[in-house]
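Subject: Structure handover

Hello,

I am passing on the structure below. Please look through it before reading the notes that come after it.

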Amino acid sequence: MRAFVSIVRVTTRQVVGGRRWIVLSLLALLPPVVMWFSSLTLTPSASIDRYNDAPLPTLLLLVVPIVTLVVGSGALGDERRDGTLSFLLVRPVRRATIVSAKLAAAFLAAAAIAGMGGALASFVLALRADTWVTFAPTLTAVLVGTAAYTAVFMILGHLTSRAVLIGLVYVFVWESGISFAAPALANVSISRLGLSAYVGLLPESTPGFGALTEVLGVLEPGAGGAVAKAAGITLVCVLIGAFLLQRLDATSE
Amino acid sequence: MTTSPAVVTGATVEVREVSKWFGQKVAVSDVTCSFGPGLSGLLGPNGAGKTTLLRMICGLLNPSDGSVSVLGVDPRRDHRVYRRVALVPEEDAVYGHLTARAFVSYAADLSGVSRKGVDKAIRVVDLADAADRAIAGFSKGMRQRAKVAAALVTEPEILILDEPLNGTDPVQRAHLIETFRRLAADGRTIIVSSHVLAEVERMADRVIAIVDGRLAAAGGVHAIRQAMADIPYRIRIDVDDPRTIAADLITSASVTSVTMAGSTLHVETSDLPDLGRRVPQVAKDLGVRLTTFEPEDESLESVFRYLVRRRK
């Protein structure tokens, strides 16, 4: 447990060190800024519609993937790049413990940054429409998306030094493009898990609820299923990461 | 049955017929050696395969062939052995955002040992004054010492150091060498790699020499020295009358060959001090102007290559 906590502490500073957290925090401010300026003249009901139409997709399809890509791919990737992986591996610590601690640190850092963006966007909506109805669903959606994305990008960061480039292609081509254009593929989209959690937790009495799926496309499997799927993806990635650390040569770049 | 000088009794680290290749490149080829308590030097020119061998011993690389055992177990299969082993890698494996104290504490936490030894480890490497500064601002030598402190804090039975003296100044170097020798005297297994023969001579009682990924020589430092004693020295001599000097040198029993290229002589001799005395004297006696007298091929790499050729 002591090793786990230490790895989390050091990794958290590592993945959001330097100017990274500033740049990512500025990105995370995009949804509340969009919400603020796009709802200046709207009625409360129209503001909720606008929230679902612009700030929410910005948050879940842009902010969460990019923040988790940068932070997640650095969790193990930075150790490889900086040559510190050997420092970590020549220790009496299980590989699964190392990977799960790394993932926990990356998740906490990414969730804090993306969660701030989501919370502020909901806060702006509360100012406009006097309702906090989107607050919990938004944060849950951020947590679900962050968990799954971070786990996948952590493995990608360990496997290649071009994780950010490959991740960006994945996010923009697959997540924001193909998975929306082909509803049959929606079930294998991580961003859809977050959206599913959001819709699953949003009260049906919320204005514009019925139009949500028209705007956001196919949203399976609901909040519970999304959480379960994200947990499953995370677990699989921890196992893959531990396997890779155990079997692959620990070479620095 | 003959016993190879590369193998010791009571070994804590055993390397058996180990090879490692990366694609088409063979980094280590069929090396068998072992290390026991005391200070052993792993000597070889840059790119000889020392780091690859040490990383296989530490379980960071999978041998392509052969096996490694540390304290009786394969480190890749039983991570508990790392409680008793520490590595100081060659690369800059430090976390720049941490202070030296936090870095050493991190090593203690990961190895499951008390943080009580952190201050002591920092003092041993003479970093107490800089302990609370971020490592990012450290010089190369200070980073090296921080890495050594992070290894010492776990009080390992086996300490593996890959070029630990790189970047250190002469005073720090002497201090670290003394530290390694003291740890070895405590009965620990200390393996130090270096490409500097003089450095290893100062530290190690026993040397394993590697060239081109192969074992070139092994044994006590004196035995290695002895093995090198009959290497012909190659000397370049520039004079204004090379024929006169060459005519004299070929009468010397220790000179094995003389070749002439313009005003330059390339001389091979088994007795360098004798040649060093003879050439200036002859030049003076015969009125020849001597402008250059320098070894042409005295690099450690050439010494090692000689050892490899001799083994074949």
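The notes below go through a helix pair, the chain contact, a sheet and a few single residues.

This is a predicted model, in which local features need pLDDT of at least 70 and side-chain atom pairs count only at pLDDT 80 or more, while totals for chains, interfaces and linings use all residues. Residues are numbered from 1 along each chain as its sequence is written, and chains are lettered from A and ligands numbered from 1 in the order in which they are written.

Helix pair in chain A

Helices and strands are DSSP runs numbered from the N terminus (helices: H or I, at least four residues; strands: E, at least two). Helix H1 (residues 2-15) of chain A packs against helix H7 (residues 95-129) of chain A at about 45°, and their axes are 8 Å apart. Axes here are lines fitted to C-alpha atoms, for helices over the stretch in contact, and angles run from 0 to 180 degrees between N-to-C directions. H1(A) and H7(A) are therefore oblique to each other; angles under 35 degrees count as roughly parallel, over 145 as roughly antiparallel, 65 to 115 as roughly perpendicular and the rest as oblique. On the H1(A) side the contact includes Phe4(A), Ile7(A) and Val8(A), and on the H7(A) side it includes Ile98(A), Lys102(A) and Leu108(A). Two residues are in contact if their C-beta atoms, placed from the backbone, lie within 7 Å. By class, the contact of H1(A) with H7(A) has 12 nonpolar, 3 polar and 1 charged residues. Ala, Val, Leu, Ile, Met, Phe, Trp, Tyr, Cys and Pro count as nonpolar, Asp, Glu, Lys and Arg as charged, and the others, Gly among them, as polar.

Contact between the chains

Chain A gives 20 residues to the contact and chain B gives 22. On the side of chain A that touches chain B, the largest share, 6 residues, comes from H1(A). That side of chain A divides into 8 nonpolar, 7 polar and 5 charged residues.

Sheet in chain B

An open sheet of 4 strands has the order E11-E12-E10-E13 (chain B), with antiparallel pairing. Strands pair if DSSP finds at least two bridges between them. E11 (255-261) and E13 of chain B are at the edges with a single partner strand each, so one side of each has no neighbour in the sheet. Strand E10 (residues 233-239) of chain B is joined to E13(B) by 5 bridges, and to strand E12 (residues 264-269) of chain B by 6 bridges. Asp238(B) stands opposite Thr292(B) in E13(B), and Tyr233(B) has Thr269(B) in E12(B) as its bridge partner. Strand E13 (residues 290-295) of chain B is hardly covered, with 0 buried residues among its 6.

Single residues

A residue is buried if 20 or more other C-beta atoms lie within 10 Å of its own, exposed if 12 or fewer, and partly exposed in between, with C-beta atoms placed from the backbone. Ala230(A) is in helix H12 (residues 222-247) of chain A and counts as buried, because it has 24 C-beta neighbours inside 10 Å. Leu71(B) is in the loop between strand E4 (65-70) and strand E5 (85-88) of chain B. Phi of Leu71(B) is near 50°, a positive value in a residue other than glycine.

Regards
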